[in-house]
Amino acid sequence: MFQCRVVAVGSLCAFLIVPLFAQDQSSRTYDTRRIETRPVIDGALDDVAWQGGEWTGGFIQREPVDGDPPSAETEFKVVYDDDALYLAFRAYDDPTQLSSILARRDRFPGDWVEVNIDSYLDRRTAFSFTLSLSGTRGDEFISENGDNWDERWDPIWDGATAVDDEGWTAEMRIPLSQLRFDAADQQTWGLQVQRRIYRLEERSTWQPIPQDVEGWVSNFGQLSGLEGLEPKRKIEVVPYAVGRAEVAPEVAGNPFQTGGEETLEGGIDGKIGVTSSLTFDFTVNPDFGQVEADPSEVNLTAFESFFEERRPFFIERQDIFDLRLAPAITGGAFSRDSLFYSRRIGRPPTFFPELADGAYADRPDATTILGAFKLTGKTPGGLAIGILDAVTDEETARIDDRGVRSSATVEPLTNYFVGRLQQDFRDGDTQLGGMITSVHRDLDGPIENALRREAYSGGIDFSTLFHDRDYRFEASLFASEIRGTEEVIADAQRSSARYYQRPDNDSARFDPTRTSLSGHAGSLRFQRTNNHDIRFQTGVAWRSPGFEINDVGFMRRADEINQFTWVGYRKRNFGPVDRWNLNFNQWLDWDSSGNFLGARFNVNTNFQLSSKWNTGASLGREQEYLSNTQLRGGPASRWPGGWDGEVWVNSDDRKVLSFGAGIYRDQADSGAGYSQSQWFEVRWRPSSSLRVTVEPVLRTSEREMQYIRTLDLEGESRYLFGHLDQDTLSLEVRVDYALTPNLTIQYYGEPFAARGRYSELKRIVDPRADRYRDRWAAYSPTQLAYDATTQQYRLDEDRDGTVDAVISDPDFDFRALNSNLVVRWEFQPGSTLFVVWSESRIDTELLPGSLDAGRDFEQIFSSEPTDAFLIKVSKWLSF
């Protein structure tokens, strides 16, 4: 497994005047041969299949010392028949020094060998197969010329190892049905083979690729001699059945929470080879009960949290649908914005029906996915294709109003569509692509005024390497449109992404009669590539006020223009240092009217020592900034800047006991507050098959100005803030136990406690005043009184004896536990049995005093749990 970030640079002017040609790299070639008798995959190299042909070796070290000879030699052979590719490996070493570590699939433990196969010969994508000495398999789909290694791709293949006096040996059988290639009498594929020596943390490769050369797949050697191969257009079907039982606490008077329920369901996943290079994946009534729960958090911002996709159907070949608006190396909130965010499909229902006093509702936790399909692949001409379509069911909430039953639609029948094309030119050094998305909802009744009926988005993207791959220029342009009732489009205009209703908004005008909203976005990026020790990227991104993609994409803010620059320097192998990186980042932001919003800077560095310890530090500065969002629909406001810094260290993870620790702190100017995070991780491997990780994280913050709500006092808005002291403590525990490479037990648990206490409530009086403390005024005791009985504040702003507003106490306590125990047994290739226990606990009782780990965690475990038990079995069938 190889992972490095490919960093590249380019310029439009240089693109126009510099000749475009691919870098000519000399490469090695392995000439394979056809066999009549297939080998038995047992790790021993005593089969007839291995008696002929040549062994090849001559590996060159890539890490830790690029270009040096390896500490131990490696040789391999490749043969094939009509059904599969077979590989034999001889890894010379002292057998008493070998590292055999068991782990679940795709953890890549201990010593291993790996083959990367570019069967398309597109020089950008490849299939990776890794076999550890312990027999643990790992597999990844490589895209973006080695910039993206997706370990969530899980093909069907075999592998075995053996140990002898000369070191260890390995065999692989890779069915041709798991590879994608074009029909031709003679085939030539890209080939790379790697070996890892765990105790030395050394990696060597068959085809030398220096670390200062741009690209990975484009520099592979070649596998020749493949003749008479027919692409396998097999049909793979995986039917499943799942039984689930849930035990939940009873709630007195609630007819829907009576203690639990049991269900039995089934579905089917499948894969069909449509052509030699296109695969059709489908799923009917998918179940994701074995997927780990999202971590707990308390989000006090106006913006949505981003959670990674974990569901198998959506993560395989996710790379082809990953089109970001501005994938800046600097990072930043805008760099995550993406045209497709698969978590939208099957999301929790978003509509809440109105309930009478004393009524109860039973809402589904998630939207049912009736079915979905994907068509992915790449044609012989270099055209990458990705099409995804999914249909989610109408979901209804059951309502009980004092014994009278009814129902209400909380999520409509919905169709999601995503289409992506990308054409390679110049052996993949130039690419031109496009993508479209659409969402259609079947709306009727009250929900029609809550959700958008239609949403469309699309874009084109362009990338080219030039000047011997020293530089890269990238450009993208996007457009969007949403449609719905006047109420729905008014909500979109008032959303936190744009706040059209701001009284000083010069970028857009709020129009309550609109029934559609459209906008545009894009980015330009100029980069210098991995070919140099000094690299950089600079660019600009924008999103117009009306740009909206959140029906099937992800975006936090529209109405912004972002300029960004990153400069990085690296140095290797000097003194006790294996690798050193130094980075500088800079950001400037404006809104669409040209108002300057702010400037940020950051410098950071990290080291890897020859002892395999890692350490790093960063220092950042944000200048005083103008925000269009802090008053949540109010006028733009000025806020103090501040400093932030971080230090961290990780010890050698190969040891039985290792650790990591770090601290981050940001300090606002003018005494406006601070936040601090401290984490400590302990990693313990008491045996070759057991790994335990414990990571406590403590976050503390004090903010003088935290938004609470907006009041309407006789037609005038009051933007209410308070001084917030907040503490958060989490304890993540993971246990991974591998009985065999195909039978594993995993536990994940995270108790979480958060406490927030507000004081000194205040209002905004002059949001752009020169002095920070002239921008707000605190309410006096004669204006604001707290009623402990009702837990409410009573506001008499003009002191006339009449209550102007009642404000609920914003203090909060939130405690939760999410845990999963998963037993996974792959009893046959592609066929799996899951036994799952998951538990969740939630407690929101306000406790006196400060956050106390012992007391708050005890409070979590004394709360009523919701337990779910699941047994899922799937059977892989191939035709």
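Biologist: What is the order of the strands in the open sheet of three strands?
Modeller: The order is β42-β43-β44, and the pairing is antiparallel. Keep in mind that this is a predicted model.

Biologist: Which strands stand at the edges?
Modeller: β42 (784-787) and β44 (805-808) do. Each has a single partner strand, so one side of each is left without a neighbour in the sheet.

Biologist: And what does the twist average?
Modeller: It averages 25° from one strand to the next.

Biologist: How many bridges join β42 to β43?
Modeller: Four bridges. β43 covers residues 792-795, and the two strands run antiparallel.

Biologist: Which residue in β43 does D787 stand opposite?
Modeller: D787 stands opposite Q792.

Biologist: Switching to helix α4. Which residues are buried?
Modeller: α4 spans residues 853-862, and its buried residues are D856, F857, Q859 and I860.

Biologist: Why do they line one face?
Modeller: Seen down the axis of α4, the buried residues fall within an arc of 150°, so they line one face of the helix. In general, an α-helix has 3.6 residues a turn, so residues three or four places apart point the same way.

Biologist: What's exposed on the other side of α4?
Modeller: E858 and S862.

Biologist: Now cavities. How many of 30 Å³ or more?
Modeller: The count comes to five.

Biologist: What volume does the second largest cavity have?
Modeller: About 60 Å³.

Biologist: Which residues line the second largest cavity?
Modeller: E63, P64, E201, Q211, R572, D578, R579, Q608 and K612.

Biologist: How does that lining divide, by residue type?
Modeller: Into six charged, two polar and one nonpolar.

Notes
Residues are numbered from 1 along each chain as its sequence is written. This is a predicted model: local features need pLDDT of at least 70, side-chain atom pairs count only at pLDDT 80 or more; totals for chains, interfaces and linings use all residues. Side-chain values use heavy atoms; hydrogens and water are left out. On a 1 Å grid over the protein atoms alone, a cavity is a set of points where a 1.4 Å probe fits but cannot get out, and a pocket is an open set with protein on both sides within 12 Å along at least five of seven lines; lining residues have an atom within 4 Å of a point. Grid points are joined across faces, edges and corners, and a volume is the space filled by probe spheres set on the points. Ala, Val, Leu, Ile, Met, Phe, Trp, Tyr, Cys and Pro count as nonpolar, Asp, Glu, Lys and Arg as charged, and the others, Gly among them, as polar. Two strands pair if DSSP finds at least two bridges between them. Axes are lines fitted to C-alpha atoms, for helices over the stretch in contact, and angles run from 0 to 180 degrees between N-to-C directions. Buried means under 20% relative accessible area, exposed over 50%, partly exposed in between (1.4 Å probe, protein chains only). The arc is that of the directions from the helix axis to the C-beta atoms.
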